[in-house]
Amino acid sequence: MVSEFHLKGIQTGEAGRKNRILRYMKKIIAFLKMSNRYKHLIGGLMVGLLGFTPWTAFYAAAIAASCLELKDTLRGSPWDWIDWGLTVAGGSISVLFWMIV
């Protein structure tokens, strides 16, 4: 037989879904705050918006990401593919913007 104590932790319906969404959002925000990753995403978006066309936006974001990682490598840090990918992802968001506009 299942007691009320066991059922208390189980949430169904809308409340359970909201808790799951909040939990995932907290994980995503914590990931972006780690090592200033959100700055790479925003920087790629800004560089891509200055590209004025989808192809130049993606190309400019990839070049900017590579230059940032080269700077970090020359200062003694290892190449960080996650930061590079987030910068390019920001440029990809601007590509979507330029394709719509």
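Is Met 25 buried, exposed or partly exposed? Met 25 is partly exposed, at a relative accessible area of 41%. Here buried means under 20% relative accessible area, exposed means over 50%, and partly exposed is in between (1.4 Å probe, protein chains only).

## Model and conventions

This is a predicted model: local features need pLDDT of at least 70, side-chain atom pairs count only at pLDDT 80 or more, and totals for chains, interfaces and linings use all residues. Residues are numbered from 1 along each chain as its sequence is written, and side-chain values use heavy atoms, with hydrogens and water left out.

## Overall fold

The protein chain has five helices and zero strands. From the N terminus on, its elements run α-α-α-α-α. Helices (H or I, at least four residues) and strands (E, at least two) are DSSP runs, numbered from the N terminus. The chain holds 101 residues, and buried residues make up 22% of them.

## Surface patch

Met 25 is found in helix α2, which covers residues 14–33. Met 25 also belongs to a nonpolar surface patch, together with Ile 21, Ile 28 and Ile 29. The accessible area of the four together is about 350 Å².

Patches are made of residues with over 30% relative accessible area and no salt bridge; like charges are joined within 9 Å, and nonpolar side chains (Val, Leu, Ile, Met, Phe, Trp, Tyr) within 5 Å. Accessible areas come from the Shrake-Rupley method with a 1.4 Å probe, and for residues only the protein chains shown count as cover.

## Salt bridges

How many salt bridges does a search of the whole structure find? The search finds three. The criterion is a side-chain nitrogen of Lys or Arg within 4 Å of a carboxyl oxygen of Asp or Glu. Side chains of opposite charge can pair when their charged atoms come close.

Arg 37 forms a salt bridge with Asp 80, with the closest N and O atoms 3.3 Å apart. This pair links distant parts of the chain, 43 residues apart. Arg 37 sits in helix α3 (residues 37–49), and Asp 80 in the loop between α4 (54–74) and α5 (81–100). Arg 37 also forms a salt bridge with Asp 83, and there the closest N and O atoms are 2.7 Å apart. Arg 37 lies in helix α3 and Asp 83 in helix α5, so this pair ties together parts that are 46 residues apart in sequence. Arg 37 counts as buried, at 7% relative accessibility. Asp 83 is buried too, with a relative accessible area of 4%. Salt bridges that share partners join Arg 37, Asp 80 and Asp 83 into one network.

Another salt bridge joins the side chains of Lys 71 and Asp 72, at 3.0 Å from N to O. Lys 71 counts as partly exposed, at 35% relative accessibility.

## Helix packing

α3 and α4 pack at an angle of about 140°, with their axes 8 Å apart. That makes α3 oblique to α4. Axes are lines fitted to C-alpha atoms, for helices over the stretch in contact, and angles run from 0 to 180 degrees between N-to-C directions. Angles under 35 degrees count as roughly parallel, over 145 as roughly antiparallel, 65 to 115 as roughly perpendicular and the rest as oblique. The crossing of α3 and α4 is right-handed. A crossing is left-handed if the near helix is turned anticlockwise from the far one by less than a right angle, and right-handed if clockwise. Ala 57 lies in helix α4 and is buried, with a relative accessible area of 0%. Ala 57 and Gly 44 are 13 residues apart in sequence, and their C-alpha atoms are 8.9 Å apart.

α4 and α5 pack at an angle of about 165°, with their axes 8 Å apart. That makes α4 roughly antiparallel to α5. The crossing of α4 and α5 is right-handed. Trp 84 is in helix α5 and is partly exposed, with a relative accessible area of 23%.

## A positive phi

Where is Phe 52 placed? Phe 52 is in the loop between α3 and α4. Its phi is near 70°, a positive value in a residue other than glycine. Most residues other than glycine have a negative phi. Phe 52 counts as exposed, at 57% relative accessibility.
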